[in-house]
Amino acid sequence: MTKVSLNAEKLETAIAQIREVATDAEGARTSINFQFNSAEVSLSDSNFSSDASTAIENLNLRADEIESCKDEIVRLNESGIASMNADGVITYNLPDTVTINSSKDLSSVVQAEIDAEKAKNADPDELLDLMNGSVADHQNDEVYAAAFADAMGPEGMANLAYMIDKDRQYQLENLPDYDPNDPDSDKGTRWERTNDAWLSAQATLSICFGTATSSSAWTPQHRSEYAEELAELVTDEDQPYYMPLGFNLLLEGANRTAANTVELDGEAAQAGGVFNKYFLQDLGHAVEAHEKTCEGNPAWQSQRMKASPPEGSVGDWDPMAGILTAMGRQPDAALDFLAPPVDYRATEQTVEVDGTTWEWLKGREWDSSGFEALSAAFAGASEHRRLTTGTEDERAAWITEQAVVDMAGRKDGLWTDASRQNAAVVLANSMQEIDEAASERDNSDPPTLFVEGQPARWEEAHWGEIRLLMQETLKDDVALLTVSDAAGRFASQRLDSSLDELPADATYQDAYDQVSQTRYDDGCLLGYIQGAAEKGRGDEAAEKDATNQMILSAFGKGLSFIPGPQSAVASQALSIAESYMLDAAGDALPSNSEQAKEDAKDMQSAVKVRLLVETYAKLDERGYLPAGAYVNPDGKPYGYAWMDYDNQDGSHIDEEELLSSPENIAKFNSWITDPDLRGGVRARLESLQKGSRMAVRKGWSDV
């Protein structure tokens, strides 16, 4: 702490004197300029006037800065945090742990100190207003967040997270059947509103704390020391018994989704904080070291036994649940914690993964809450499945392979929507392995350009585990959409890559020969997803149609995603999942009730049409379609709304417009019988339906 003493009246006098000097200087500058101008003296090499103006402006700015700092110290005194003696001198202990570079930074520190003091003494209603008011307004302010976390201290932050949850539970349990202040709302509506308000407060605290750990206002040493003190709350059983609960809430926020999204009051919001990766690793290794060396039960289990009556599930107490959830939202931390290299100097060719931490976690008894956290960390680590020059994709492939095998063996009762959504990210980032399982294709063939552009692969094939995991995961709508969208991106990238391999003088015939096998594989991939989804969901009739519509919709959206050349499409699975969670919050996902009103569709036929459209659009874009394809047999341009004959940029087909109506698709099906196109891709793609049907059976299978 740095002791700051301030006499506001004397400082105001000094500030006034500074401004008076600035005013006198401006007068002198003006007078000098007037005299030079009157004497018609030229000072071409002199910058006197502009230099003087700059100096005067800086003097005034300095006076403003000092006054702003003075006002903040006075505000601290008025709030009761600073103190004033009989001589009017205000004394305040300024924290040394937060770097302050300006009056704005000081203002953030002061507001944080005031809010922290309020949080320590607030009743439930005051606390809710504070968290969803001032703290929420400043949750992304690095200096404020760091100062707030310091003012509360590690124990105070965990205690605050716990109290927010306890106040939420108490208000929900004691919600009256009738509220005279809100007579028009039923109890169910008020229950949801109250719950969302407290979850918003919980998310705000976590976000604010995450901002603090990533703030440049904290030094690396202070961040490490804070992590050490925070870890002691769950590794020392003499700490208050409820500390593990608060610890987890502080790191998780409102839920345990890797996509870090929660629906509050009908809108999507950030669920929790994004923490510094070293901070999370320090916490994880502290808990690991404690559990490997302690005698008897870990401290958090002993603390849990002190709760009377019992509170929460085992996963709510297990500190690794909070740490792993936060790691799911910080992929670097997840990868380095779950799959560190034995030697950080290793290369792609020599890297060996240290599986010690994973073996320790694998032996843990997870309940559904803890498993949500574990699956979140898997999802985060899997985000590194993109081609790199370092060892990240090799290590990500290793932990993703372990994750799929582990999750595939988990019983149905362990799964929740959150864990399915997390697992979907892992699957979406493992599309090359799903694709191989769908086509039952081995690695004996020479690698294509597309295969060479993919990240490191698993060491072994796990087709059975992939199928089982997909059957479980795809029960959730967001999970189904995430995997289907990723499959569409994968298929689009594969088609682009196959066309990239063609020589410069390739013909239309060469192009459709090249893409025919690609489209067959895409049909297998989509059919496999369909079969696994139908098996897991047990869909019948209208429900099956709704499932198929979701698959087609998301697959088509993925096909329309245009990445850069050879970019790692599948590595964006977390953002894909987040986008569908945002849609879910806005009720924008396809619903069974809506789809049940539609006639059942032949999934294989719909897949074929969708891939045909995308194929011809790509061939058009690349300039492979014959010139005669754009005119009818009479030599006149086709008058289709989705075809621009006169377009000069090389692209004549508007794919989005084409797919916008059944009438356009009917005209498209007629167009591809044009003599210049007949017998081309359409004929070669007849086998797509067969491959798709076969893959549906594979995805649906039990063995």
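Hi everyone, let me open with a question: in which helix does Q421 lie? Q421 belongs to helix α17, which spans residues 417-428. Helices here are DSSP runs of H or I with at least four residues, numbered from the N terminus.

A quick word on the background. This is a predicted model, where local features need pLDDT of at least 70, side-chain atom pairs count only at pLDDT 80 or more, and totals for chains, interfaces and linings use all residues. Residues are numbered from 1 along each chain as its sequence is written, and side-chain values use heavy atoms, with hydrogens and water left out.

Back to Q421, then. Its relative accessibility is 12%, so Q421 counts as buried; the cut-off for that is under 20% relative accessible area, with a 1.4 Å probe and protein chains only. Setting aside neighbours within four places in sequence, Q421 is in contact with T257, D476, V478, A479 and M581, where contact means heavy atoms within 4.5 Å. With D476, the side chain of Q421 also makes a polar contact of 3.3 Å.

Next up is H222, which sits in helix α7, residues 220-235. H222 is buried, with a relative accessible area of 12%. Not counting residues up to four places away in sequence, H222 touches T97 and D150.

After α8 comes G253, with a positive phi near 80 degrees.

Note on methods
Helices (H or I, at least four residues) and strands (E, at least two) are DSSP runs, numbered from the N terminus. Buried means under 20% relative accessible area, exposed over 50%, partly exposed in between (1.4 Å probe, protein chains only). A polar contact is a pair of N or O atoms within 3.5 Å; within protein, one must be able to donate a hydrogen and the other to accept it, and residues adjacent in sequence count only if both atoms are side-chain atoms.
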